[in-house]
Amino acid sequence: MGSLRTQVGIVGAGPAGLLLGHLLHLNGIDTVVVEARSRDYVIDRVRAGVLEQGTVDLLVALGVSTGLCRAGLRHEGLYVTFDGRRHRIDLADLTGGKAITIYGQNEVVRDLIDARSATTRPLYFGAEGVSVHGLETSKPVLRFQHGGTDHEVHCDFIAGCDGSHGICRPSIPAGAQTVYERVYPFGWLGILAEAAPSSDELVYTYHERGFALFSMRSPRITRLYLQVPADEPIESWSDEAIWDEMLTRMTTRDGWRPNVGRILQKSVTPMRSFVAAPMRYGRLFLAGDSAHIVPPTGAKGLNLAASDVLVLTRALRAFYEQGRTEWLDEYSNVCVRRVWRAQRFSWWMTSTLHRFPNESAFDHQRQIADLDYLTSSRAAMTSLAEQYVGLPAEVSFESAGLQLHTASR
Ligand code: APR
Ligand code: PHB
């Protein structure tokens, strides 16, 4: 049996766990990160790719922005299409110069794993049978098997960064948390295609046949999504059928359409909104998808994980440097406020841009009116823009031990 001691045991090496590990490292706080999957699996997993301005600033302040500055695509606007017409929303103009950056989540994860490796602090990939114990005590324990050996990590705190299917949230006794959930009656079929993006900016499309989204990963790779029925098997979509439907929904009256190319990857993702609160039980703190899921329409998932771990770092730093516990006590309240605002935005984007199976003619006309108002009122566009680029963080970088350097533009 291997027995280790650390300050914070981190379960999960997704964006939440890796960002937290690095933030704590910079504050001189020791961590052990335990990940169920292999390194390659974690890096190759295709996920979303929109970074809010604050997330970009955080990666820069953390010193893990070389790849981001080289390959990230800064977008100062986006398009919303309905009735075959594209309308541009100028994010930078409406928010005093803020923007979003397109940089694949898997690239963020790769950069953070490299940064972790350089610190030589432990990160176990392929851990099996991960479990957490003694959460109500001041010495919680993390157990797992790795390479055929049992390991036990004695911690001061455990951070549950193990996503929506992890073990940390289910380790909290029933009744200690309230769960809020909405499941949508559709999913997104996503593809990566070997095709140069035909627009410099994202295009969100509302079409009679359902939602579609144009995005990208690089000057050679286009990323596209289609609304499909929930639980749609990906096998029922040939590449030809996917392109037919993409072009039908996305081609605008002025002739704009995505470039077609070889499909490199395709999958269907279900859509739901989910919050479990409080995000703390005893010495276990949940961060990221383990505590909340947003539908991808608002592109908020990774960004919420980043803001959670900033708040948690502030609290742990105050505990270790000054023996203060009030920010640990406030952790959940501070995070949940921002989580609900992002939930509201993601729900609104989702309800406005998708077709619903049982919608009435009234609902349909209301959606069109919503989009008409959005694309013709500066006030409505400003509201979308400030939420899309990201509402302000609840805590400062300085309070989490970081200096603020804004991203080079
Ligand atoms: N033990 C150890 N690790 C686990 C376990 C377990 N029992 N269960 C899951 N994990 C790992 C997963 O393999 C994954 O690498 O925890 C990690 C959780 O990462 P994410 O799912 O990426 O969640 P998070 O870090 O909170 O990032 C949130 O990522 O999934 C997207 O849409 C989400 O963009 C959002 C962001
Ligand atoms: C993506 O590029 O993967 C992406 C962009 C915007 C979204 C969701 C996903 O709302």
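1. A residue is called buried when its relative accessible area is under 20%, exposed when that area is over 50%, and partly exposed in between, with a 1.4 Å probe and only protein chains considered. Ser351 counts as buried because its relative accessibility is 14%.

2. Some conventions apply to this note: the model is predicted, so that local features need pLDDT of at least 70 and side-chain atom pairs count only at pLDDT 80 or more, while totals for chains, interfaces and linings use all residues. Residues are numbered from 1 along each chain as its sequence is written, chains are lettered from A and ligands numbered from 1 in the order in which they are written, and side-chain values use heavy atoms, with hydrogens and water left out.

3. Ser351 belongs to helix α9, residues 326-353, where helices (H or I, at least four residues) and strands (E, at least two) are DSSP runs numbered from the N terminus. Its side chain reaches the backbone oxygen of Trp347 at 2.5 Å. Once neighbours within four places in sequence are set aside, Ser351 is in contact (heavy atoms within 4.5 Å) with Phe356 and Gln367.

4. Around ligand 1 there are 23 residues, of which the closest are Glu35, Arg45, Arg47, Gln105 and Asp289; a residue is taken as near a molecule if one of its heavy atoms lies within 4 Å of it. A polar side-chain atom of Glu35 is 2.6 Å from an oxygen atom of the ligand, and a side-chain N or O atom of Arg45 is 2.8 Å from an oxygen atom of ligand 1. Taken alone, ligand 1 exposes 700 Å², and the protein buries 86% of that, by the Shrake-Rupley method with a 1.4 Å probe.

5. Which helix gives the most to the shell around ligand 1? The answer is α8, with three residues, and the shell as a whole divides into 10 nonpolar, seven polar and six charged residues. Here Ala, Val, Leu, Ile, Met, Phe, Trp, Tyr, Cys and Pro count as nonpolar, Asp, Glu, Lys and Arg as charged, and the others, Gly among them, as polar.

6. Ligand 2 is surrounded by 14 residues, which divide into nine nonpolar, three polar and two charged. Strand β16 (212-218) is one of the elements that supply at least two residues of this shell, and β16 gives the most, with three residues. A polar side-chain atom of Ser215 lies 2.6 Å from an oxygen atom of ligand 2. Taken alone, ligand 2 exposes 270 Å², of which the protein buries 100%.

Technical notes. A polar contact is a pair of N or O atoms within 3.5 Å; within protein, one must be able to donate a hydrogen and the other to accept it, and residues adjacent in sequence count only if both atoms are side-chain atoms.
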